[in-house]
Amino acid sequence: MEENKQKSIHDILPLDLIHIILLRIPVKHLGRLRCVSKLWHSLISDPDFAESHLHLSLAPTHACIYRKVSTESYLVHLEEVFNGDNYQVKEVSFPFKKQPPSKFRVMGSCRGFVLLHQEPHFFVVWNPLTGFSKRVSYSWLNILHRSKGRYFYFPGNAILYGFGYDATRDDYLVVVAWKDSNCQLLDCLSLRTNSWINLDAALPKRFGFCLWESEGLFLNGSIHWLPYSLKHYSEGLLIFDLKERSFSKMSLPEQLIMGGPATFVILGGCLALYFQDYVEGNTHIWVMKEYRVHSSWTLYVIPCLEFEPLCLSNGSDIIALDSILAGPLKFAKYNIRGELLQHFTRPAHLPHDIYKYGSYLVYTESLLLLPSDSKHKDKKNNHVI
């Protein structure tokens, strides 16, 4: 009688099916699953798997980093906020060997990477999930020699900037537009080659930089900017296509009537803007449900005045900050009909003012590495100074 042997999961399920299953598991759990076997570790660590997971995951994980002060920051997984005892807040250490310098800024996010800028001339690209980080040193000399100026400070002197990914060249780019005397200039920094690319030829005539918010949002291969003030909203959204290296504009909703400036966000992979209606005491959210289809602008009204949308949960529920000026910020979840589903209660072990008077960044977690570092896929925690 043959001795029974315990079958492994690889004997039961074909590798292709295991691959399909893993692609649909939330990214925050994949780190632990890498320890199941050498085969799983190799599969999950593969750059192609990370790219596929980013696009195919049925439940993208939205994380939010709160930076209260330069040395005190916290990470929140937004979908877990309303899971009762399973909710966790983790203290975050920015990727610096020494204490975080006082003069550094969080500049934005793209495909799971967070872009930091450290004075005087360093970018830090960081994936908080994997721990990978890379410092990119740059020089403004090739920019300044084209202008009459003798000094350029980023981001203070940047009239427009954005962080995005050019899939056709497999490259992450930092785009910077600025003005010197009467001259309008546009440059982008390639993180693959660590070199500046002059894009002045892409600038439209009579650009009017002063009309736009300086920080852009990346979506669908382009960086987007919202007009700065109400009187300029007729200009529409400004778009820079990273593949074509060209500008275009997109109209805002024709029915858009606001009493104050709007805020620009990405909700469920869609462009959205929101503003507070202080007369009716609610928040209006306009979402472009189909990219670049003007008729797809859709209005949602939330019966809450201090309401800052962060992400979509379950495809349609809106997770937001329900901020009270006199107290700490709180989370809330509403459906698209404007009905309150849940309120977040601060866990007793957290400081009462953990979210008070801080800044935050929402991003979608991923396992990606920078293209130039994919061959070092098993290296993590590559901290920088």
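Predicted model: local features only at pLDDT ≥ 70, side-chain atom pairs only at ≥ 80, totals over all residues.
Q: Nice. Which residues of H5 are buried?
A: Helix H5 covers residues 47-56, and Phe49, Ala50 and His53 are its buried residues.

Q: Within what arc do those buried residues fall, looking down the axis of H5?
A: They fall within an arc of 100°, so they line one face of the helix.

Q: And which exposed residues sit on the face of H5 turned away from the buried side?
A: Asp48 and His55 are the exposed residues carried there.

Q: H2 then. Which of its residues are buried?
A: Helix H2 runs over residues 15-23, and the buried ones are Ile18, Leu22 and Leu23. They span an arc of only 135° around the axis, which puts them on the same side of H2.

Q: Let's zoom out. How many helices and strands does the protein chain have?
A: The chain comes to 6 helices and 24 strands. It has 385 residues, and 49% of them count as buried.

Q: What share of the contacts between residues at least 6 apart joins residues at least 24 apart?
A: That share is 49% in the protein chain.

Q: Now the sheet with S4 in it. What is the strand order?
A: The order is S4-S5-S6-S7, an open sheet of 4 strands with antiparallel pairing. Its edge strands are S4 (104-110) and S7 (133-137), each of which pairs on one side only. On average, neighbouring strands of this sheet are turned by 20° against each other, direction ignored.

Q: How many bridges join S5 to S6?
A: There are 5 bridges between S5 (residues 113-118) and S6 (residues 122-126), and the two strands run antiparallel. One of the pairs is Gln118 with Phe122, the latter being in S6.

Q: What about S10 and S11, how do they pair, parallel or antiparallel?
A: Antiparallel, over 4 bridges, with S10 at residues 183-190 and S11 at residues 195-198. Asp187 has Asn198 in S11 as its bridge partner. The two strands form a hairpin with 4 residues between them, and Asn194 in the turn has a positive phi of about 55°.

Q: Where does Asn220 sit, and what is its phi?
A: Asn220 is in the loop between strand S12 (217-219) and strand S13 (222-225). Its phi is near 55°, a positive value in a residue other than glycine.

Q: Is Arg245 buried or exposed?
A: Buried: its relative accessibility is 15%, and the cut-off for buried is under 20%.

Q: Switching to His62. Which strand holds it, and which residue makes a polar contact with its side chain?
A: His62 lies in strand S1 (residues 62-69). Its side chain has a polar contact of 2.6 Å with the side chain of Glu79. His62 is buried, with a relative accessible area of 12%.

Q: What else does His62 touch?
A: Leaving out residues up to four places away in sequence, its contacts include Val76, Leu78, Cys311 and Tyr363.

Q: How about Ile302, buried or exposed?
A: Ile302 is buried, with a relative accessible area of 0%, and its place is in strand S19 (residues 297-302). Among the residues it touches, not counting those up to four places away in sequence, are Asn282, Phe307, Ile318 and Tyr334.

Q: How far apart are the C-alpha atoms of Ile302 and Ile336?
A: They are separated by 7.9 Å, with the two residues 34 apart along the chain.

Q: Last one: how many disulfides turn up?
A: A search of the whole structure finds 0. As for individual cysteines, Cys188 is buried at 0% relative accessible area, and Cys304 is buried at 10%.

Definitions and conventions. Residues numbered from 1 in each chain as written. Heavy atoms only, no water. Pairing = 2+ DSSP bridges. Axes fitted to C-alpha atoms, helices over the stretch in contact; angles between N-to-C directions. Disulfide = S-S within 2.5 Å. Buried < 20%, exposed > 50% of the residue type's maximum accessible area, 1.4 Å probe, protein only. Polar contact = N/O pair within 3.5 Å; in protein donor to acceptor, adjacent residues only side chain to side chain. Contact = heavy atoms within 4.5 Å. Arc of directions from axis to C-beta.
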